[in-house]
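Please look through the sequence and the model below before reading on. The report that follows takes up a few places in turn and then turns to the chain as a whole.

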Amino acid sequence: MDETSRKLAVYAAMEESEETKKYGAISMGLAKVLLVKGMEEQEHIADWVEGGCNGVSLLSSSVSGDEIDLVATYQVKMPVNLPMPYQFRIMQRSCSRKWTGWNGNADLQDTWVYITETGTVYHTTTSCTHLELSIRSVSYADVDSYRSSGGGKYGACPICAKPDKGYHRVYITNYGSCYHADLNCSGIKRTIYQVRLSEVDGKRACSKCGASGG
């Protein structure tokens, strides 16, 4: 069922595929052909399903709109002989969205974006380098000579470090603004949250990934 649903979703974007040329546009006929073809490759279908592959009905299914909604019903054979007729009907369902592209009329405020607990921007992709946490150990005596990727100096972390404490080594990150005295400081950890754009509470778009992602 899942395999058939996914194949139909892909064929929706492939008007010139062999299947659509042979059977026409995405239809229940094509769905049944793909399902039966898949079942024929499995063992024991005829042993357990009344009517074998032809005993599986897709009458409650739908392939209209943007969704492939397959609903299969069939009756299984009982493993033992019973003194009276006994029917055991099964229903299974599998859904997939057709590969027909993005709906340009969708509300942009429903777009998924990514934020960090203390960050002031939102990101359109988790692969943005601003979300990567590259930690370096540097000499405390030289920390003033280092600059973040944004060009700023590093100040003392308000959680784990104090200015002029005379540390031997401290820790900095490429896109951070603080140096840390404790490698396990919660200010170093980067937890990424997936939220709707409408829920970012005034955060601005990331200068690196936000411009291209919306």
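## Aspartate 69

Is aspartate 69 buried or exposed? Aspartate 69 has a relative accessible area of 15%, and because a residue counts as buried when that value is under 20%, aspartate 69 is classed as buried. In this predicted model, aspartate 69 has its place in strand β1, which covers residues 67-75.

The side chain of aspartate 69 makes a polar contact, at 2.6 Å, with the side chain of arginine 93.

## Aspartate 144

Although aspartate 144 and tyrosine 154 are 10 residues apart along the chain, their C-alpha atoms are separated by 6.8 Å.

## The second largest pocket

The second largest pocket has a volume of about 340 Å³, and the elements that give two or more residues to its lining are α1 (2-11), α3 (28-40) and β1. Of these elements, α3 gives the most, with 5 residues.

The lining is made up of 17 residues, and those that lie nearest the centre of the pocket are Met1, Leu35, Gly38, Met39 and Gln42. Sorted by class, the lining has 9 nonpolar residues, together with 4 polar and 4 charged ones.

## The chain as a whole

The protein has 214 residues, of which 31% count as buried, and its secondary structure comes to 5 helices and 10 strands. Among contacts between residues at least 6 apart in sequence, 59% join residues that are at least 24 apart.

## Confidence in the model

How confident is the prediction, and where is confidence lowest and where highest? The protein averages a pLDDT of 80, and 82% of the residues score at least 70. Confidence is lowest in helix α2 (residues 18-23), at a mean of 52, whereas it is highest in β6, at 92. Where pLDDT is low, the predicted coordinates should not be read in detail.

Technical notes. Residues are numbered from 1 along each chain as its sequence is written. Side-chain values use heavy atoms; hydrogens and water are left out. pLDDT is the predictor's confidence in each residue, from 0 to 100. Helices (H or I, at least four residues) and strands (E, at least two) are DSSP runs, numbered from the N terminus. Buried means under 20% relative accessible area, exposed over 50%, partly exposed in between (1.4 Å probe, protein chains only). A polar contact is a pair of N or O atoms within 3.5 Å; within protein, one must be able to donate a hydrogen and the other to accept it, and residues adjacent in sequence count only if both atoms are side-chain atoms. On a 1 Å grid over the protein atoms alone, a cavity is a set of points where a 1.4 Å probe fits but cannot get out, and a pocket is an open set with protein on both sides within 12 Å along at least five of seven lines; lining residues have an atom within 4 Å of a point. Grid points are joined across faces, edges and corners, and a volume is the space filled by probe spheres set on the points. Ala, Val, Leu, Ile, Met, Phe, Trp, Tyr, Cys and Pro count as nonpolar, Asp, Glu, Lys and Arg as charged, and the others, Gly among them, as polar. Contact means heavy atoms within 4.5 Å.
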